[in-house]
Amino acid sequence: MASLSGLASALESYRGRDRLIRTLGYCCQLVGGVLVEQCPAKSDMGTRLLALSAQLSRCRTVLRLFDDLAMFAYTKQYGLGTEEEDLFVRWVSVLGNLADQLYYPCEHVAWAADAKILRVDAAHWWALSTAFWGLSLLLGIARWPPRSKQRTLEAQIRLETLTVLSNLADLANAVHWLPPGVLWAGCFPPWLVGLLGTVSSLLSVYQAVRARDNQADAASS
């Protein structure tokens with residue numbers, strides 16, 4: 001009952017709902033890709049799961065149309081990171097925020113082009129948004145390992161390690177979605193994209209659950 005309540009509570013928030021949609025979408029892509037590639041008798045079910053995965057991905061894209069303001073507020077609050085004691089982490093974080101901020105409008109234009117709202121080259125804008133996403137992930141990875149004394153707590157190191165692993169899985173997919181000719185772009189089969197996305201999503205869910213539990217422990221103490 002407590003687990004059901006926790007799930008319902010998570011789904012009431014935008015971030016919680018997005019994590020569930022993301023995890024479900026990548027799981028469908030993983031299972032669908034395996035069925036299509038390895039089980040010809042069940043390829044029809046695999047194709048349906050891949051179609052469901054694509055629709056869930058489009059759902060998340062539409063929901064992100066409203067993320068710009070929240071990202072701008074966070075970027076403005078962080079500013080030039082004057083409160084960050086480590087200079088390297090400070091500027092990497094500033095550049096990461098800039099990449100995140102630029103990612104959203106590029107994705108919006110790509111979505112609008114796909115929906116025939118704007119007459120521009122959708123592939124160009126998808127590539128640009130993916131490049132900004134990949135850059136943001138790369139900068140997030142560059143912040144590891146923790147350098148400041150404040151971050152040497154074991155729990156914090158474990159949390160940041162999980163974040164890096166999640167970012168690495170997403171970065172592998174981000175490169176796959178870049179235009180052909182860039183490293184391993186276009187080389188992953190659907191099941192591998194689904195596997196990497198599922199790993200990243202489950203790590204994100206685990207971190208969210210841990211953060212919620214820590215918050216509850218702090219409130220009760």
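Modeller: Start with the element names: helices are DSSP runs of H or I with at least four residues, strands are runs of E with at least two, and numbering goes from the N terminus. By that naming, T198 lies in helix α8. The model is predicted, so to speak of a local feature takes pLDDT of at least 70 and a side-chain atom pair takes pLDDT 80 or more, while totals for chains, interfaces and linings use all residues. Residues are numbered from 1 along each chain as its sequence is written, and side-chain values use heavy atoms, without hydrogens and water.

Colleague: Why is T198 called buried?

Modeller: Buried means under 20% relative accessible area, exposed means over 50%, and partly exposed lies in between (1.4 Å probe, protein chains only). T198 has a relative accessible area of 8%, so T198 is buried.

Colleague: Which residues is T198 in contact with, leaving aside neighbours within four places in sequence?

Modeller: Contact means heavy atoms within 4.5 Å. On that test T198 touches Y26, C27 and L30. From T198 to Y26 the C-alpha distance is 5.2 Å, although 172 residues separate the two in sequence. Y26 is also among the buried residues of α2.

Colleague: How do you know that the length of α2 is close to that expected?

Modeller: The expected span is 1.5 Å times one less than the number of residues. Helix α2 covers residues 14-38, which is 25 residues, and the expected span is 36 Å. From first C-alpha to last, α2 reaches 36 Å. Its buried residues include G16, I21, G25, C28, G32 and L35.

Colleague: What makes α2 roughly antiparallel to α3?

Modeller: Axes are lines fitted to C-alpha atoms, for helices over the stretch in contact, and angles between N-to-C directions run from 0 to 180 degrees. Under 35 degrees is roughly parallel, over 145 roughly antiparallel, 65 to 115 roughly perpendicular, and the rest oblique. The axes of α2 and α3 (residues 43-63) cross at roughly 155 degrees and come within 7 Å. That makes the α2 and α3 pair roughly antiparallel. Their contact residues divide into 14 nonpolar, eight polar and three charged.

Colleague: Which hand does the crossing of α2 and α3 have?

Modeller: A crossing is left-handed if the near helix is turned anticlockwise from the far one by less than a right angle, and right-handed if clockwise. α2 passes α3 in a left-handed crossing.

Colleague: Why are α4 and α5 called roughly antiparallel?

Modeller: Helix α4 (residues 68-78) and helix α5 (residues 87-114) pack at about 160 degrees, with axes 10 Å apart. They are therefore roughly antiparallel to each other. The crossing of α4 past α5 is left-handed. Among the contact residues are M71, F72 and Y78 of α4, with V94, Y104 and H108 of α5.

Colleague: What makes E12 count as exposed?

Modeller: E12 has 66% relative accessibility, so it counts as exposed. E12 sits in the loop between α1 (2-11) and α2.

Colleague: What phi do K116 and L183 have?

Modeller: Phi of K116 is near 65 degrees, a positive value in a residue other than glycine. K116 is in the loop between α5 and α6 (122-142). L183, also not glycine, has a positive phi near 50 degrees. L183 is in the loop between α7 (154-176) and α8 (190-220).

Colleague: Why do K116 and L183 count as exposed?

Modeller: K116 has 73% relative accessibility, so K116 counts as exposed. L183 has 68%, so L183 counts as exposed.

Key. Nonpolar A, V, L, I, M, F, W, Y, C, P; charged D, E, K, R; others polar.
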